[in-house]
Amino acid sequence: MAGEFERHPFLLTAQDVEKALDTDLERGLSSAKVTQLQEIHPPNELDVGGAIPWYKIFLKQLFNAMILVLFFAMALSFIVNDWVEGGVLLAVIVLNVSIGFYQEYGAEKKMDALRALSAPSAMVLRDGRTQVIPNAEVVPGDIVILKMGDTVPADVRLFEAMNLAADEQSLTGESVPVEKIVEHLDDEELGIGDRINIAYGTTTIRKGRGRGIVIATGMQTEVGKIAASTAKKHHKAGRSMNYKKYGKRQPIIGLARRIYDFVGKFLGLTEGTPLQIKLSKLAYMLFGSALLLAVIVFAVNEFHVPKEVVIYAISTGIAIIPESLVAVLTITMVVAVTVMRKANVVVRDLSALEALGGVTNICSDKTGTLTQGAMIVRKVWIPSNTIYTVKDSKHPSDPTEGVVTFSEVDDQNPETQKRDFDQERSAAVLKFDVPDEKLNPSKPKRENEKVATMNPELQDFLLSAALCNLATVRHEPEPKDGQPEWQVTGEPTEIALQVFAHRFQKGKKVKEAEGWKQVAEFPFDSGIKRMSVIYNGPNMEHSIVFTKGAVERVLDLCSTVGTGSSQEPMTEEYKERILEQMDTFASQGQRVLAIASRPWEGKYQEKSSPENHEGDDALRQRVESGLTLLGLAGIYDPPRKETTPAIAECSSAGIRVHMLTGDHPATAEAIAKEVGIIPRNLSILGHDVANAIVQKASDFDKLSDAEIDALPELPLVLARCAPDTKTRMIEALRRRSAYMAMTGDGVNDAPSLSRADVGIAMGSGSDVAKSAAKIVLTDDKFNSIVAAIREGRRMFDNIQKFILHLLTSNVGEVILLICGLGFQDQSGFSVFPISPLEILWINMLTSSFPAFGLGREQASRDVMRKPPHDRRRGVFTNQILIDMLVYGLLMGILSLMTFVIIIYGANDGQLGVDCNRAFTPGCEPVFRARATVFAELTWLILISAWEFKDIRRSMFRLNPDDDSKFPLFKDVYENRFLFWAVVLGAASVFPVVYIPVVNTNVFKHIDITWEWSLAVAATLIYVAGVELWKLIKRQFRLLEDAAVVRDAFSQGSEEGGRKFHHTISFSSLKSWRSIGKSHTGDTHASTREKKDGSPV
């Protein structure tokens, strides 16, 4: 417990706790005090481990399949007294383990840092201003602001609680949320579950809001004390060894399963990302292949196994293992995570990094993701048939900017004015060849529009809008650090209403200063889509209920419309008029809210019951009944300017975008048309498809699974969407073999985020949502999701490239050595065409650095113009496997022919005696042939890295848009790391061949002369062969990716509302060129686009 308390804080008043901790309930701690306290108290974190210990990472590197083969080879080398080779192998093991350990340990540290970025945050009051800080920075004495969905950052003594309830099941085991109070308690013997004026760290706020003083942090909290005193070990089901409970056989079964889990985890076969598990399986398959090759070597020598045969077996085992594969994969993932972080995407789970490349559908929220989230009240309808319009306002937070006008509306001719585009203007624009009358259509004159003035009906509307509102609007005449003059906090919708009230000087603070006092709150509930508050007014004998929410939900609770002399009963005819007006606003892309109120009989004194939720619901029903409708507010949230190009990019990549929103169907449809999710003219689609793509959640939820599966198209727009609807959408997509990403920000979104293939939480969302997601967007933007998918695809492509590069060389080496079994010297022993240490040099040094370079390749130009990859095949597609065999076979044959030409063409088949162990004059032809094969194989592998920059395009024209006559140098120099890895690797051949003693004793070759011409010729033939195979693939469309499936409408296309070829901002000129290409179909992808129906 922080501070010196005479008694436990739950026994003290809030003022006593404030005094004991030397804080201020109104202003919070000062910055100087915070700095002082941070020096005294450790970070607000639970010391429960979590990070992988360094020794586990070390052991994992030491005992993977790649290293096991090297250990095996090293042991055999020492057994046969080949000390040089054994010593080199030991050095290679140390080097490989060190590199792998360093990279993976660094990756773990970096992942820990990235997880911290998405860790729960806390809203605190410091220096009189609210700040959002990481939980770890919270100190005792901080004033914490809590709201529904927050994770409590530390133990907090509450001094303000408005309908506040916390889920303390993780702490107390009590499944029912605990209702909180602010009064001090008297019973010193109360357990932690009964100290209801304390909110405990790590628990979750289920409803309401409140404020409190932090009394304990970190390991001093109640949860910290439990963590310090317990060490829990969790076993999977079926791992128990309790024979009394499960029978006599259970100890054996349980022990066997535990051993399986331990070995599987140790070897990387049961834990890790899908790609890591797949590569671990590949490693052990190669290990088995290495043993098989050793058996083949022994069999050829009739299982007469002298030292020479053992050494040859060692060579074949080493040749098949890509020793640097694990290190290259780790580094590539680290680079990808870092790149994503710079693109405002925090990866919390590496499996999501791989999964992004296979995403086929994105289910996105609208507000703040597809749109700016900077809402402004555009229209207000008052029951006296008056419409108020906000004009010329470019800054949603500034109530002094713009003007409010009003006009009378004819009952028979509801408002049909088009929406205002003020909010969408971002910069000066370029105007292309568009008729002026279309670009600037004349607006109908509205002579009856006048500047708005206060009247009783508007005053009642503003009172309810201001008080049934949790947002704040504050004016700073002298803003600091470039901050705006008008500062706001709260949800965008509530901010918009609060700003509108401030336009008439009727804001919440003004009304509370006049004597309005809140006595109860029924927070917004996504199930009923409304909230209510109850206030006591100045000089009033009764309380007043204020309600706002979705029009349909509030309208059903209203018995009257309007106030004063214009009040009328709510009839079915009047309700239809109101719904027509709502549809008019919604069709202009505005989110429509209803504002209502009612007087309460006398002073409100009811209390909610923490144990009785049914009673709570009944109380809420009583409060929210017999309401009077005061008006409708049309709130406009303009789409982000980058949303439509991002959706178009998804369409070209074979990804469907779905909008799942809580808005009215007409609002959702209008925004969906504007950003290009659905066409502006639905008649271009078939009748059944047009009816299916826009639905209300209530209609969708009524359908059975069979009926949903029978739909010609799953909805692209789901309006009035509840959390359960998102879950049903996930299951419907999964039944159609889709692989989906789902966005969410609320507590209720957690189930859908955890069940989606890739859960994406908003950085501004609740901590519960972030914890359930695999990815967190720090900027909430839709185009950040697309950037993450692009990066996932880039990483996937690069992994394919370096796996092809590494395994191709292994195939070539194995072919060379297996065929080399036929080269037998006078003693009858096989002479290897390339020595074990030459193979190690090629695999560890020559191949590794180009593979690192391939992992750093930029995304190909068509990375978002081809469909998502097949998740079942992963990186080992048919094209990769066949290319590996073709290039490996070509590499092996060329190397073998070079060896044959030197031995049999130039030296009459002279293979010497015992040339696998030492140099003698009779071994000179073999040693010269080995040197040539070593140089040749090195160059072939290095040149392959440039060839594999694109596995289909010619190395001599990697960029088809380049008009240069010979762009080879420019293209290969684009990736400088790869360029210098190839150049320096090629140059390293000369010292390895020519350095005396080292060449003969270590690498078992000698310097060469005319043989260089063979290596150069083989390199040219290899390049020609690779280019020919690529040409054949392109010409005959062999092994190309599946086509991106198109239908009558492409999302993000002109039919969907794209207007970038008419009007674009100067700031978007760079991206416009690529947008235009994808829009006009001028793509250079290797895929065909089929004109048939979409499968999803």
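Reader: Why does Tyr535 count as buried?

Author: In this predicted model, Tyr535 has a relative accessibility of 0%. Buried means under 20% relative accessible area, so Tyr535 counts as buried.

Reader: How do you know whether Phe546 is buried or exposed?

Author: The relative accessible area of Phe546 is 2%. The cut-off for buried is under 20%, and Phe546 is therefore buried.

Reader: Why is the pair of Tyr535 and Phe546 called edge-to-face?

Author: A search of the whole structure finds 25 aromatic pairs. For Tyr535 and Phe546, the ring centres are 6.2 Å apart and the planes stand at 65°. Centres must lie within 6.5 Å for a pair, and planes over 60 degrees apart count as edge-to-face; the pair is therefore edge-to-face.

Reader: What parts does this pair tie together?

Author: Tyr535 belongs to strand β18 (residues 530–536) and Phe546 to strand β19 (residues 543–550), so the pair ties together parts that are 11 residues apart in sequence.

Reader: What makes Trp946, Phe969, Tyr973, Phe979 and Trp980 a cluster?

Author: These five residues, Trp946, Phe969, Tyr973, Phe979 and Trp980, are linked by ring pairs.

Reader: How do you know where Arg577 lies relative to Tyr574?

Author: Arg577 is 4.3 Å from the ring centre of Tyr574 and lies over the face of that ring. The distance cut-off for a charge over a ring is within 6 Å.

Definitions and conventions: Residues numbered from 1 in each chain as written. Predicted model: local features only at pLDDT ≥ 70, side-chain atom pairs only at ≥ 80, totals over all residues. Heavy atoms only, no water. Phe/Tyr/Trp six-rings, centres within 6.5 Å; stacked < 30°, edge-to-face > 60°. Helix = DSSP H or I, 4+ residues; strand = E, 2+ residues; numbered from the N terminus. Buried < 20%, exposed > 50% of the residue type's maximum accessible area, 1.4 Å probe, protein only. Lys NZ or Arg CZ within 6 Å of the ring centre and 35° of its normal.
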